[in-house]
Amino acid sequence: MSEISILDRKGLELFLDTSKDKVELVSQGPLSSFVNPVVKRVNRLLTDEKPIDVNEDSVVVSSWLPPIPSEPFKRAVKNEVNALLLNKYVPQAVSMNISECSLKCEECNILGDGSQLDTEYVKKFIQDSQDLGAVSLGFAEGDPLLRPDLFELIDYVDKEKSIVSVFTPGPLLDREKAEKLYEADVHAVMTGIKSPVPEEHDEARGMDGAFEAAVNGMKNALEAGLYVSMHVHVKPKLVESGKVMEIYDLASDIGVDELTLWDSHPTWGYKDNTEILVGPRHRDILLSLREEANNKPIGPRVFYNGYFESTDFFGCMAGKRWLNLIHNGDVTPCTYVPIKFGNIKNDSLKEIWKRMTSFDGFKGKNSCVMQSEKFRSKYIDPYSVSDLPLNYNEL
């Protein structure tokens, strides 16, 4: 099939043209000119990026994105069209920080004790997220493999609507669990690396042998057939020392599909520590690394949030395309913004999302709000760490 329909409505048709050597999104109809920004954005993903996998009937651009074509990908494109034409945004990406952790990292985004949120609450959250339009569900922060109901929750996700990712630091990711994740139709596994130097990684994780465990976990996931991304929160020193290049070499040696570089943010326990924020010079280096890696015929692809969330791409996704669930049922705009907009035990997710998308602090923001000194000084810094997460209606 050379044409795969994505959207067919009065005045507008979107389809994937696979008749050429590359996959291309094409629009037709009187409304085509209105959705050109979406078409161009998608085609940038398809042409400017080295895919992590190419099959006879599909292309996987990234561990973060649904396969092309697939029902979740079709939903993603439709969501973007509705955002452009109707100014209607949905939580495309949903993360769930609802797990305990065996590590003691020097920086941590887990609030409270990371206690377990009851299974039925999480299932309701999953269903409501998918009803709102989610195309990617991530079990994140802490170690989801510590949840006894993890595979029950993964099985509950409608895979015709969303892909599933599991973030794990690695100690529990043995071959048996990796194979079980693959059998459960998990799209990708993400594992964090703090430093290419084992001793430095172990110190940052607060656990001897954490580096070896992370590497072994990634290898187990690869052997099981999962897509694997090595995930790095990039601090200035990692760039200035050249260790970010060593991490790319490590990713190449292990054979992961993708290296994810994410600008470091002030964490909820270290919100005043701006030394971890990268600047324009660091971003230029990271952008160059992404471009160079993604034009190499071999080696892992690089996903860099500074490119993906740039002003001419998606911009800041918090409260616009992303929402996050934490261990007690509170819902925040992303993993990094410590502002709660409701609790799933008391509020409907639809109403919580409406509050987020109406919040003045997110309006007009084309880059990460937590990277903005103006945003932090107004909404975050006046409060103590013990106050977090903050309640949106008290700000």
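**Exercise 1.** Find which residues line the second largest cavity, and sort that lining by class.

*Solution.* The second largest cavity has a lining made of L45, E49, L65, R290, N294, R301, V302, F303, Y304, Y307 and F308, where a cavity is a set of points on a 1 Å grid over the protein atoms alone at which a 1.4 Å probe fits but cannot get out, and lining residues have an atom within 4 Å of a point. This is a predicted model in which local features need pLDDT of at least 70 and side-chain atom pairs count only at pLDDT 80 or more, while totals for chains, interfaces and linings use all residues. Residues are numbered from 1 along each chain as its sequence is written, and side-chain values use heavy atoms, with hydrogens and water left out.

Next, take the elements: β12 (301-304) and α11 (305-308) each give at least two residues to this lining, and β12 gives the largest share, 4 residues; helices (H or I, at least four residues) and strands (E, at least two) are DSSP runs, numbered from the N terminus.

Finally, by class, the lining of the second largest cavity holds 7 nonpolar, 1 polar and 3 charged residues, with Ala, Val, Leu, Ile, Met, Phe, Trp, Tyr, Cys and Pro counted as nonpolar, Asp, Glu, Lys and Arg as charged, and the others, Gly among them, as polar.

**Exercise 2.** Describe the lining of the largest cavity.

*Solution.* Begin with the 13 residues that line the largest cavity, of which E309, C316, W322, C334 and C368 lie nearest its centre. Then divide that lining by class, which gives 11 nonpolar, 1 polar and 1 charged.

Key
1 Å grid on protein atoms, 1.4 Å probe; cavity = no way out; pocket = protein on both sides within 12 Å on 5 of 7 lines; lining within 4 Å.
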